[in-house]
Amino acid sequence: MKTGTSTSKLIYNAQCYGNVEPIEYMVPYPNLRGLITGQNVKYADHFAYKDAELTNKHVLNLVNQTANWLESLGVTHEHRVLIHGFDFPHAELMAFGIWSVGASLVITDGKVTSAIEGVNPEFVLDGKELNYPDCLSGYSTEYIHKINRLLPDEAIVFWNKNRGIKLSHYNLLVNANGFYLSSGLNETKSFHIDLPPTSTAWAVFQVVLPFYTGAVLTAVNPDITVGLPSQFTEIDYKLILEWEKIEKGDPTHIFILPENTAVLAIGEEPNHMTKIEDMDIVLTVTGHSVMMGYLDETRNESVFTEKGMIV
């Protein structure tokens with residue numbers, strides 16, 4: 001590192017949006033658990049996952065059972081829990097169960113063995129081996145919190161291209177907020193997305209966004225469809241996971257950068273509370289979606305500078 005500034009301070013500076021420091025931009029939830037409890041205050045009987053016939057109340061009950069089941073395994077707020085092999089909506093329910101306990105969710109781009117070695121999670125849950133959600137039978141649909149996570153706390157470790165990316169509760173909430181503001185999704189609308197739990201795009205769009213917006217997740221006549229290139233015949237937003245340049249696309253391209261949680265830019269516009277500089281030479285990113293850092297401190301020293309996060 002060429003400056004005398006500590007890496008932790010450089011990361012914090014990179015997470016500022018101008019003079020607005022991290023978490024000073026208010027999101028309406030105290031943590032990710034708050035998404036499902038919040039939707040149950042007024043909209044308990046509204047569908048969350050319509051095609052699976054799960055209302056917000058059904059989701060909360062299953063998440064509470066999952067949290068109680070996880071605690072019976074010994075999972076606590078000090079642990080990281082890697083999941084793989086879970087299909088929709090089980091992966092999403094498991095994520096909220098893990099966050100309810102206060103633990104961190106670990107997901108991987110598909111290289112499970114590498115992720116286990118690189119992250120060293122305390123628990124590894126294989127959806128192909130577990131009889132989930134049948135294993136929840138007998139567990140209470142009420143859950144008593146042992147600890148409430150704060151917005152700056154770690155929520156996800158994403159193992160991608162042999163590196164671990166740490167993201168906070170706030171990272172995920174504020175990143176989803178950007179698309180919420182851009183798309184106009186709300187509790188009167190619906191949208192369709194179908195991603196495996198192998199990217200941060202899944203975490204933001206498929207896990208967080210339905211409850212952040214209140215919009216129904218369904219494949220039947222949705223108001224908005226979000227997907228990967230060539231995934232759907234008709235699509236409103238294309239998620240671009242691999243790219244070299246931010247440019248206008250038709251339909252609107254959403255450029256994904258895990259180091260910026262997920263959404264870096266929607267079309268040619270940076271995501272809300274994100275600033276991009278030096279686009280023609282190298283991307284320099286600052287803002288509230290900037291990650292907590294890599295697991296590897298050496299990597300952090302190479303990408304965080306006085307100007308921000310160099311991608």
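Me: Go ahead, what should I know about the numbers first?

Reply: This is a predicted model, in which local features need pLDDT of at least 70 and side-chain atom pairs count only at pLDDT 80 or more, while totals for chains, interfaces and linings use all residues. Residues are numbered from 1 along each chain as its sequence is written, and side-chain values use heavy atoms, with hydrogens and water left out.

Me: OK, how many residues does H6 have, and what does it reach from end to end?

Reply: Helix H6 covers residues 169-183, which is 15 residues, and reaches 22 Å from its first C-alpha to its last, close to the 21 Å expected at 1.5 Å a residue. The expected span is 1.5 Å times one less than the number of residues. Helices (H or I, at least four residues) and strands (E, at least two) are DSSP runs, numbered from the N terminus.

Me: Is H6 mostly covered or mostly open?

Reply: H6 is mostly covered, with 12 of its 15 residues buried, where buried means under 20% relative accessible area, exposed over 50%, and partly exposed in between (1.4 Å probe, protein chains only). Among the buried residues are His169, Tyr170, Leu172, Leu173, Phe179 and Ser183. Just after H6, Gly184 takes a positive phi of about 75°.

Me: How do the axes of H6 and H7 cross?

Reply: The axes of H6 and helix H7 (residues 200-213) come within 9 Å and cross at roughly 75°, and that makes H6 roughly perpendicular to H7. Axes are lines fitted to C-alpha atoms, for helices over the stretch in contact, and angles run from 0 to 180 degrees between N-to-C directions. Angles under 35 degrees count as roughly parallel, over 145 as roughly antiparallel, 65 to 115 as roughly perpendicular and the rest as oblique.

Me: Which residues of H6 and H7 meet?

Reply: On the H6 side they include Leu172, Leu173, Ala176 and Phe179, and on the H7 side they include Val204, Phe205, Val208 and Leu209, with contact meaning heavy atoms within 4.5 Å. The residues of this contact divide into 11 nonpolar, three polar and no charged. In that count Ala, Val, Leu, Ile, Met, Phe, Trp, Tyr, Cys and Pro are nonpolar, Asp, Glu, Lys and Arg are charged, and the others, Gly among them, are polar.

Me: Switching to strands, how does E6 pair with E4 and with E7?

Reply: Strand E4 (residues 104-108) and E6 pair in the parallel sense over four bridges, whereas E6 and strand E7 (residues 163-168) pair in the antiparallel sense over six bridges. Two strands pair if DSSP finds at least two bridges between them. Phe158 in E6 stands opposite Ile107, and Phe158 also has Ile165 in E7 as a bridge partner. Strand E6 (residues 154-160) is mostly covered, as seven of its seven residues are buried.

Me: And what about the turn between E6 and E7?

Reply: E6 and E7 form a hairpin with two residues between them, and Lys161 in the turn has a positive phi of about 55°.

Me: Which other residues have a positive phi without being glycine?

Reply: Glu53 has a phi near 55°, and Ser230 has a positive phi of about 70°. Glu53 is in the loop between strand E1 (47-49) and strand E2 (54-55) and is exposed, with a relative accessible area of 60%. Ser230 is found in the loop between E10 and strand E11 (237-240) and is exposed too, at 73%. Most residues other than glycine have a negative phi, and most peptide bonds are trans.

Me: Where are the cis peptide bonds, then?

Reply: The bond from Phe88 to Pro89 is cis, with omega near 0°, and Pro89 is in the loop between strand E3 (80-84) and helix H4 (90-101). The bond from Tyr132 to Pro133 is cis as well, with omega near 10°, and Pro133 is in the loop between strand E5 (123-126) and E6.

Me: Last one: is Val303 buried or exposed?

Reply: Val303, found in helix H8 (residues 297-303), counts as buried at 12% relative accessibility. Leaving aside neighbours within four places in sequence, Val303 is in contact with Met291, Tyr294, Gly308, Met309 and Ile310. Ile310 is also the bridge partner of Thr284 in the pairing with E19.
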